[in-house]
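Open the model in your viewer and keep the selection panel handy. We'll go from one selection to the next and say what is there.

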Amino acid sequence: MKHLLLTILFLNFCTLLFSQSKADDIVGVWYSKVKEGNVQIFKNGEKYYGKLIYLKNAVDIDGKPVLDINNPDKEKRKMPLVGILLLKEITFDDKKNSWKGKLYDYDGQKGNTYDSYLTITKNGSLNIKGFWGISFFGLNRGLTLKKVDVK
């Protein structure tokens, strides 16, 4: 009986570890072929965040950093794009096997923030879909990012 109880406790612990690691699958550096940049997704507490850490065209013709000119917050328009948080307050839904949070559209004409769903596809890519209120009203089919090996 004692061994059976220990086995059950061990299996429950393993299940808990497995479910947590699934949520952390999003952590890492992801490359966008369309945006030609890298986003680093990291965990802070129970939520995930994504920061723009590389942009192919991060400087203008004068060698100055490209700024977040479309940000609705006038003070933030003076900040360089590299280093801004694009993904905020991302949480994992283990029933849907996806993440949900906020997506900042830095290169849009208004610099709006949208609700978003993030999923990892069968081939290991990260798909991000932004939407207004109801996911049916999506911005696009989704932005697909490839994971980057960082050593």
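Predicted model: local features only at pLDDT ≥ 70, side-chain atom pairs only at ≥ 80, totals over all residues.

Start by selecting Glu75: it is exposed, at 56% relative accessible area (exposed means over 50%, buried under 20%, partly exposed in between, with a 1.4 Å probe and protein chains only).

Numbering runs from 1 along each chain as its sequence is written, and side-chain values use heavy atoms, with hydrogens and water left out.

How many salt bridges does a search of the whole structure find? Four. For another of them, pick Lys102 and Asp115, at 2.7 Å from N to O. This pair links distant parts of the chain, with Lys102 in strand β5 and Asp115 in strand β6 (residues 113-120), 13 residues apart. (Strands are DSSP E runs of at least two residues, numbered from the N terminus.) Lys102 is partly exposed at 32%, whereas Asp115 is buried at 19%.

Next, grab Glu36 and Lys56, whose side chains form a salt bridge at 3.3 Å, N to O. Glu36 sits in the β1-β2 loop and Lys56 in the β3-β4 loop, so the pair ties together parts 20 residues apart in sequence. Glu36 is partly exposed, at 28%.

Now show β1 (residues 28-32), where four of the five residues are buried. On one pairing, β1 runs antiparallel to β2 over five bridges (strands pair if DSSP finds at least two bridges between them), and Gly28 has Ile41 as its bridge partner. β1 also pairs with β8 (residues 143-148), antiparallel over four bridges, with Tyr31 bridged to Lys146.

Finish inside. The largest nonpolar core has 21 residues, and Ile26, Ile41, Leu87, Leu118 and Leu126 have the most contacts inside it (a core is a set of buried Ala, Val, Leu, Ile, Met, Phe, Trp, Tyr and Cys residues joined through side-chain atoms within 4.5 Å). Elements giving it two or more residues include β2 (37-44) and β7 (126-131). Centre on Leu126: beyond its neighbours within four places in sequence, its contacts (heavy atoms within 4.5 Å) include Ile26, Trp30, Ile41 and Leu143.
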